[in-house]
Amino acid sequence: MMLLKVVLLCFIGLSAGGIIAAGVFAFLAIIGVFPRLIGFTHTKKHIMLYETCIILGGVLGNIYDIYEFPIGFGGNIFLGIYGLAVGIFVGCLVMSLAETLKALPVISRRINLGVGLQYIILSIALGKLTGSLVFFAERFGQ
């Protein structure tokens with residue numbers, strides 16, 4: 001009876017996780033993060049590689065989240081590369097959301113800004129970057 005309960009819980013957990021992951025990836029595809037990156041980099045011929053990397057990233061991220069195995073290579077260099085990749089991804093996600101919601105014209109009308117909105121966005125991004133670098137320098141610099 002205990003084995004049946006464990007198998008049922010594993011099935012329900014994996015099914016629920018799969019549904020959530022599929023929803024997240026569908027959301028990212030719908031708002032245009034992946035098509036925008038593919039169009040911006042002019043790498044449409046490598047679409048299968050993009051799909052494979054997206055799927056592998058999701059699967060490996062879930063495995064790491066479940067088992068929490070230590071990553072014993074690279075140290076701070078690996079952490080820096082990972083942080084840069086995640087930062088680029090989050091930046092692309094935010095810009096896709098802003099573009100999808102058409103928030104930029106609303107912001108520019110509210111603050112009566114005719115030109116220079118790109119500088120405001122850049123300054124916000126640079127402020128977040130500086131704050132992150134200061135945080136990690138204080139935390140890992142000791």
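Which pattern does the protein chain follow, read along the sequence? The answer is α-α-α-α-α-α, with six helices and zero strands in the protein chain. Helices here are DSSP runs of H or I with at least four residues, strands are runs of E with at least two, and both are numbered from the N terminus.

A quick word on the ground rules, everyone. This is a predicted model, in which local features need pLDDT of at least 70 and side-chain atom pairs count only at pLDDT 80 or more, while totals for chains, interfaces and linings use all residues. Residues are numbered from 1 along each chain as its sequence is written, and side-chain values use heavy atoms, with hydrogens and water left out.

Let's take the whole chain, then. Its accessible surface comes to about 11800 Å², and 75% of that belongs to carbon and sulfur atoms; the areas come from the Shrake-Rupley method with a 1.4 Å probe, and for residues only the protein chains shown count as cover. Of the 142 residues, 11% are buried, where buried means under 20% relative accessible area, exposed means over 50%, and partly exposed is in between. Among contacts with a separation of 6 or more, 51% join residues 24 or more positions apart, a contact being heavy atoms within 4.5 Å.

Now have a look at the start of the chain. Helix 1 (residues 2-31) and helix 2 (residues 33-41) pack at about 50°, with their axes 4 Å apart. Axes are lines fitted to C-alpha atoms, for helices over the stretch in contact, and angles run from 0 to 180 degrees between N-to-C directions. The two helices are therefore oblique to each other: under 35 degrees would be roughly parallel, over 145 roughly antiparallel, 65 to 115 roughly perpendicular, and the rest is oblique. Helix 1 brings Phe25, Leu28, Ala29 and Ile31 to the contact, and helix 2 brings Val33, Phe34 and Pro35.

Moving on, His42 sits in the loop between helix 2 and helix 3 (47-67). Its phi is near 55°, a positive value in a residue other than glycine. His42 counts as exposed because its relative accessibility is 69%.

Last stop, the surface. Phe78, Leu79, Tyr82, Val86, Phe89, Val90, Val94, Met95, Phe135, Phe136 and Phe140 make a nonpolar patch of about 950 Å². The elements giving two or more residues to the patch are helix 4 (76-100) and helix 6 (117-140), and helix 4 supplies the largest share, eight residues.

Key: Patches are made of residues with over 30% relative accessible area and no salt bridge: like charges are joined within 9 Å, nonpolar side chains (Val, Leu, Ile, Met, Phe, Trp, Tyr) within 5 Å. A salt bridge is a side-chain nitrogen of Lys or Arg within 4 Å of a carboxyl oxygen of Asp or Glu. Buried means under 20% relative accessible area, exposed over 50%, partly exposed in between (1.4 Å probe, protein chains only).
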